[in-house]
Amino acid sequence: MKPGILLGVALLCLFSINVFAGKRIVIFDDVATEIASPPATLATGEELWVTLADLTKATKFVLKPQGVCRDELCFPIPKARKAAFLSAQGNVTWFNLSEFTRLTKQPAAYDAANSVWYFGPRPEAQNQFVSSLIAPDFRLPDKTGKLRSLSEFRGKKVLLLTWASW
């Protein structure tokens, strides 16, 4: 299992404690952000529609005329598929974040019971882990409940046990 997916599973498990009951949470770049619920017309299936303000708050991406951009990185929205990405509902423009991550080939996982979306690292970031052979740093509670980061154990042997239902 790739490190990014492993981290996603771990974060989804942490949020399964139901701390955010009744809220929608996006975990992007390992930061959890509470976002607004979409109108009923967009709240179908497993598509994640977010306001443009929530898009920026949760991902740091901004919709610009040239595409969806973050710093120097810009992804043009395919003109033929614009309706799959944007929807105007009243005076609010909604952005389909799940469609965007499919465009950028960024892995995503959704926990419907807790309304938590997790977005893993894009392929180029995952490949960086493989080429460097350095595991990404992440934080998880140890068996006593104390939050530990992998970087605390640099230079030591670490046994990390994981489990997934798929």
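The protein has an average pLDDT of 83, and 86% of the residues score at least 70; pLDDT is the predictor's confidence in each residue, from 0 to 100. Over residues 13-21 the pLDDT is below 50, and this stretch has 11 contacts in the model beyond near neighbours in sequence, contact meaning heavy atoms within 4.5 Å. Where pLDDT is low, the predicted coordinates should not be read in detail. The model is predicted: local features need pLDDT of at least 70, side-chain atom pairs count only at pLDDT 80 or more, and totals for chains, interfaces and linings use all residues. Residues are numbered from 1 along each chain as its sequence is written, and side-chain values use heavy atoms, with hydrogens and water left out.

**Overall composition**

- The protein contains five helices and 12 strands; these are DSSP runs numbered from the N terminus, helices being H or I of at least four residues and strands E of at least two.
- Of its 166 residues, 36% count as buried, where buried means under 20% relative accessible area, exposed over 50% and partly exposed in between (1.4 Å probe, protein chains only).
- Among contacts between residues at least 6 apart in sequence, 48% join residues at least 24 apart.

**Nonpolar core**

- The largest nonpolar core has 18 residues, of which Val26, Leu48, Phe95, Leu97 and Phe100 touch the most other members. Such a core is a set of buried Ala, Val, Leu, Ile, Met, Phe, Trp, Tyr and Cys residues joined through side-chain atoms within 4.5 Å.
- At least two residues of this core come from each of strand 1 (24-28), helix 2 (52-59), helix 4 (97-103) and strand 10 (116-119).
- Beyond its neighbours within four places in sequence, Phe95 has contacts that include Leu48, Trp49, Val68, Ile77, Phe85 and Phe100.

- Four strands form an open sheet in the order 2-1-10-9, with mixed pairing; two strands pair if DSSP finds at least two bridges between them.
- Strand 2 and strand 9 (108-111) are the edge strands, each pairing on one side only.
- From one strand to the next, the twist averages 20°. Axes are lines fitted to C-alpha atoms, for helices over the stretch in contact, and angles run from 0 to 180 degrees between N-to-C directions.
- Strand 1 and strand 2 run antiparallel and are joined by five bridges; Val26 stands opposite Thr33 in strand 2.
- Helix 2 lies across strand 1 and strand 2, at about 165° to strand 2.
- Asp29 is found in the loop between strand 1 and strand 2 (31-35), and counts as partly exposed at 40% relative accessibility.
- Leaving aside neighbours within four places in sequence, Asp29 is in contact with Arg70 and Phe119. Asp29 and Gly120 are 91 residues apart in sequence, yet 7.2 Å apart in space, C-alpha to C-alpha.

- Strand 5 (residues 67-70) is joined to strand 6 by three bridges, and the bridge partner of Cys69 in strand 6 is Cys74.
- Cys69 and Cys74 are also joined by a disulfide, with an S to S distance of 1.7 Å; a disulfide is a pair of cysteine sulfur atoms within 2.5 Å. The count by this rule is one disulfide.
- The link of Cys69 and Cys74 is right-handed, with 95° about the S-S bond.
- Cys69 is buried at 2% relative accessibility, whereas Cys74 is partly exposed at 32%.
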